[in-house]
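Please open the model in a viewer and follow the stops below in order.

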Number of protein chains: 2
Amino acid sequence: MERKKVVAGVDIGGTNTIIGFVDRDGNIVMEDRLKTNHYPVFEEYVAALYEKIESNFKKAEADIDLIGIGIGAPMGNINKGTIEYPADLPWKGIMPLSDIMQKHTTLPVIVTNDANAAAVGEMIYGGAKGMRDFVVITLGTGLGSGFVVDGKLVYGHDGFAGEIGHTSIRPGSSNRDCGCGKKGCIETYASATGLKRTLLKVMADSIAPSPLRKLSFEELDAKIIHDAALQGDRIAIEAFEHTGMMLGFKLADVVALTNPEAIFLFGGLALAKDLIFEPTKRYMEENLLYIYRGKVKLLESNLSTQNAAVLGASSLIWSVKEQQ
Amino acid sequence: MERKKVVAGVDIGGTNTIIGFVDRDGNIVMEDRLKTNHYPVFEEYVAALYEKIESNFKKAEADIDLIGIGIGAPMGNINKGTIEYPADLPWKGIMPLSDIMQKHTTLPVIVTNDANAAAVGEMIYGGAKGMRDFVVITLGTGLGSGFVVDGKLVYGHDGFAGEIGHTSIRPGSSNRDCGCGKKGCIETYASATGLKRTLLKVMADSIAPSPLRKLSFEELDAKIIHDAALQGDRIAIEAFEHTGMMLGFKLADVVALTNPEAIFLFGGLALAKDLIFEPTKRYMEENLLYIYRGKVKLLESNLSTQNAAVLGASSLIWSVKEQQ
């Protein structure tokens, strides 16, 4: 019997690293994990990661054929195979992840960031199958994006394309502080954290009663605001409306620059469905040049939030193999 | 002797259509023209255009080999070979330019808009030779753009990518009216017309004396404001500063989305050199995420403004031939 071809998809997070062997249909045939923060020395981390991949492969060698390793990491750079100045990982500076991994293996290794991986994952396993031009927006703690143009992920000259989360909503500096050091970045509005910040703003401006007034900023999260909005809480609904306004405004820019067939929303905030999709779509259309109106689909991601990072990371290898 | 390969580059404007035969090095070996507005029936216009190309080719047939026809037109759509709802041409609706032209000839015909043509022209003949990722911004009456990603022009799903001129500078509708029907589009600020509008705003806010106060809005143009700024006119200098602020702000978005190696400024307003480049660069850098700072070149176009439209249109054919 022919052995099943699989890719190792690796999702590097600040606490855990998740490893999955994924087949061409997006089935995860093996999953394992590693404590990222147990390895303060980067070389030792990579050795341990490779050891995990190899030991799992050895167990299943009779059945599977491992064809490559796709890795998603914050500030992962696809051109250089590096992780560069990540805020939430235990290592500092520029880590040559791909080069170090290639000391252990001759398999192809591809490194990129989470949002780029999500975009390729959507193309290989998800709702963007067969699409040539689309964008994936990840709405989590921050806002990430991955652009696919003519069937290929846009890397950019330095490998850092797609950082739409750090474009500003207006000129001038009277806006919200962003963790990146700038002000007014769209991710300070359109993200789980942005929704909380907007909720406080709405609460400050409004006199409407709301059970959310009993919760501190730190107690609040997107899920609580979502549940309140479903109960008809006017402040929560207004916070979603404002979040959609900001996101829709920016997505109109995305359309004007790259004219995609569809924009996929992915991640925690996208789970609020109509509460976020309806205002986002409405404000996007309002800001579109007439030639684009009514033409660009705003869709939910087809990747489950739970496995998306591993699926996305693994998809990079399939994508490259199929373009060869 | 081998005949020299040339492409027919066609620039369709509201009054004149300019036709040039262009060799691979960007030399225009023949130039002719046609009155666009003498042909209210589109089919008759295309027949006359083809006749011009053919008669010029016949004259030089012993020396040249015509390998294709590249056409730049307002609202030219590269996917469909159409001109769609142009504001400044004598015909209405959707004109299937490529299809009608192909009734006259078996040569390849490519249609696109002026800014996309300028981008490909920069890559084939100009300063972007050898670059894989760059953007050309055309600053004329309006603001156009063409994006090149991984060596290829970005068309988008509907063939209308690159309309950055109609992205807005901030959410909400308290901004300048744009000819497209929206408000606050960047081309109402960063263009020759935008500069005039900004000059009036600065003049209204300031009490500084200026000879420009003697001129009406209709008498003013970018050249007059440019000359005044060179003479030290404070109002003119402030208008350029503000124009650069708006343009730099938007270019930071361009960098975050596509991470280009360089951005080329092209067209009348770019001729103001430092007056526009210096503030644009400064505000672009100020709005960039740290990973991009100091890395993206802001360059003058290498194509002469006079011939750029014909060169750009012709370059489409070389570009496609060389990717085959």
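**Stop one: the largest pocket**

The residues that line the largest pocket comprise 21 nonpolar, 20 polar and nine charged; here Ala, Val, Leu, Ile, Met, Phe, Trp, Tyr, Cys and Pro count as nonpolar, Asp, Glu, Lys and Arg as charged, and the others, Gly among them, as polar. This is a predicted model, in which local features need pLDDT of at least 70 and side-chain atom pairs count only at pLDDT 80 or more, while totals for chains, interfaces and linings use all residues. Residues are numbered from 1 along each chain as its sequence is written, chains are lettered from A and ligands numbered from 1 in the order in which they are written, and side-chain values use heavy atoms, with hydrogens and water left out.

Next, select H3(B), which gives the most to this lining of the largest pocket, with four residues. Helices (H or I, at least four residues) and strands (E, at least two) are DSSP runs, numbered from the N terminus.

**Stop two: between the chains**

Display both chains together: 47 residues of chain A are in contact (heavy atoms within 4.5 Å) with 47 residues of chain B. Two salt bridges are counted between chain A and chain B; each is a side-chain nitrogen of Lys or Arg within 4 Å of a carboxyl oxygen of Asp or Glu. Select Lys250(A) and Asp253(B), which form a salt bridge with their closest N and O atoms 2.9 Å apart.

Then select E10, helix H6 (234-258) and helix H7 (274-287) of chain A, the elements that give two or more residues to the side touching chain B. H6(A) supplies the largest share of that side, nine residues. By class, the side of chain A that touches chain B has 24 nonpolar, ten polar and 13 charged residues.
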